[in-house]
Amino acid sequence: CPGETKTLTMTDPYMQGILQKGEKYRATFNYYACNPMKRGDVVLHRLSATTEPSVKIVQGIPGDKFSLSKDKDQK
């Protein structure tokens with residue numbers, strides 16, 4: 001079910017400690033078409049069709065709830 005696995009190069013510094021800028025890594029495309037996403041998974045995320053994907057860590061999964069509230073110390 002998963003698609004093609006490609007070797008990519010990390011292009012940004014935002015995952016220091018996991019992937020260094022310039023480091024090569026392998027990514028399997030279409031993996032989540034047949035597998036559930038889990039908290040802690042390392043994934044490629046694309047904001048739009050015109051941007052390159054970036055590497056992210058899954059923090060929230062379907063069914064999670066969150067809310068925003070004003071900081072009591074801020075006016």
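Reply: Let us begin with a term: a residue is called buried when its relative accessible area is under 20%, and exposed when that area is over 50%. Please keep in mind that the model is predicted.

Me: Is A27 buried or exposed?

Reply: A27 belongs to strand β2, which covers residues 24–28. Its relative accessible area is 9%, and because the cut-off for the buried class is under 20%, A27 counts as buried.

Me: Which residues make up the largest nonpolar core?

Reply: In soluble globular proteins, nonpolar side chains tend to be buried together. Here A27 is part of such a group, and another member, M10, is in contact with M15, L19, Y25 and V55, among others. The largest nonpolar core has six residues in all: M10, M15, L19, Y25, A27 and V55.

Me: How far apart in space are A27 and K6, C-alpha to C-alpha?

Reply: Leaving aside neighbours within four places in sequence, A27 is in contact with several residues, including K6 and L44. Although A27 and K6 are 21 residues apart in sequence, their C-alpha atoms are separated in space by 5.5 Å.

Me: Which parts does the disulfide tie together, and how many residues apart in sequence are they?

Reply: A search of the whole structure finds one disulfide, and it is formed by C1 and C34, whose sulfur atoms are 1.3 Å apart. C1 lies in the segment before β1 and C34 in the loop between β2 and β3, so the pair ties together parts whose separation in sequence is 33 residues.

Definitions and conventions:
Residues are numbered from 1 along each chain as its sequence is written. This is a predicted model: local features need pLDDT of at least 70, side-chain atom pairs count only at pLDDT 80 or more; totals for chains, interfaces and linings use all residues. Side-chain values use heavy atoms; hydrogens and water are left out. Helices (H or I, at least four residues) and strands (E, at least two) are DSSP runs, numbered from the N terminus. Buried means under 20% relative accessible area, exposed over 50%, partly exposed in between (1.4 Å probe, protein chains only). Contact means heavy atoms within 4.5 Å. A nonpolar core is a set of buried Ala, Val, Leu, Ile, Met, Phe, Trp, Tyr and Cys residues joined through side-chain atoms within 4.5 Å. A disulfide is a pair of cysteine sulfur atoms within 2.5 Å.
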